[in-house]
Amino acid sequence: EAGYKCEGEGKGRVACDPGSYAKANGSVACIPCPPGRASATSAAVECEECKENTIAKDSSQTSCKACGRGESTSSKGSTVCTKVPRGFYVNMSNATVECEAGYKCEGEDSDHEPCPPGSYAEDTGSVDCFPCSPGKYARLNASTACIDCPSGWIQETEGQPNCIKPDAGKIAAGGSSSVAIAKGWEAFNCNADGVCNKTRACRPG
């Protein structure tokens, strides 16, 4: 029967040793597990394919060995481990996956790292985070995009987690700079925070 060999001449059936198998009934010999597969039990009908990020380099293996830290396989049933490529990481399930948007993955033994406030990663598979440009901000970790400064607020420096009020006597000129309010003019259209986004000539009197 499957899982056993029968050599005849009065010899009884013999279970296949671990690391080998017999798939068909009437087998006269057990077949070694091929590289990339293993069998831990006797009387195996087939050898199990090595899971992702485990390997069996040689034939007749009784188990698949895990890849070392920073290494992975390209698929199940592998015979060799390779370095985790940039833009990927090994997750808690021991699977090699592409880096999520909002994170950077430098490959090898690096984990996926969330982009810190003031930076972002728009695409999956990113190997780096990018600073927000002036006039934009990202308040949270793992941002996938930066947000324009609200009307009247500014941010003159790249890579910042928030926007700020213009200095006293100034008004925003776009989101990345401010200008002094000219003599004879005043700010108006101000919100509760005291941030104004328009100017006008001072009224007589």
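Predicted model: local features only at pLDDT ≥ 70, side-chain atom pairs only at ≥ 80, totals over all residues.
Lys136 forms a salt bridge with Asp148. Their closest N and O atoms are 2.5 Å apart. Lys136 sits in strand 17 (residues 136-137) and Asp148 in strand 18 (residues 147-148), so the bridge ties together parts that are twelve residues apart in sequence.

## Other salt bridges

The structure holds five salt bridges. Side chains of opposite charge can pair when their charged atoms come close.

Glu1 is partly exposed, at 47% relative accessibility. Arg13 is partly exposed too, at 46%.

Glu106 and Lys104 also meet in a salt bridge, at 3.7 Å from N to O. Glu106 has 34% relative accessibility and counts as partly exposed.

## Charge and surface

The chain carries 21 positive and 26 negative side chains. The centres of the two sets lie 5 Å apart. The accessible surface is about 12,300 Å², and carbon and sulfur atoms account for 48% of that. Of the 205 residues, 29% are buried.

## Overall form

The chain has 22 strands and zero helices. Its radius of gyration is 33 Å, well over the 17 Å from the globule rule for 205 residues, so the chain is more spread out than a compact globule. Along the principal axes, the C-alpha atoms fill a box of roughly 125 × 25 × 15 Å.

Conventions: Residues numbered from 1 in each chain as written. Heavy atoms only, no water. Helix = DSSP H or I, 4+ residues; strand = E, 2+ residues; numbered from the N terminus. Rg over C-alpha atoms; globule rule 2.2 N^0.38 Å. Buried < 20%, exposed > 50% of the residue type's maximum accessible area, 1.4 Å probe, protein only. Areas by Shrake-Rupley, 256 points an atom, 1.4 Å probe, with all protein chains shown as cover. Lys, Arg positive; Asp, Glu negative; His and termini not counted. Charge placed at Lys NZ, Arg CZ, Asp CG, Glu CD. Salt bridge = Lys/Arg side-chain N within 4 Å of Asp/Glu carboxyl O.
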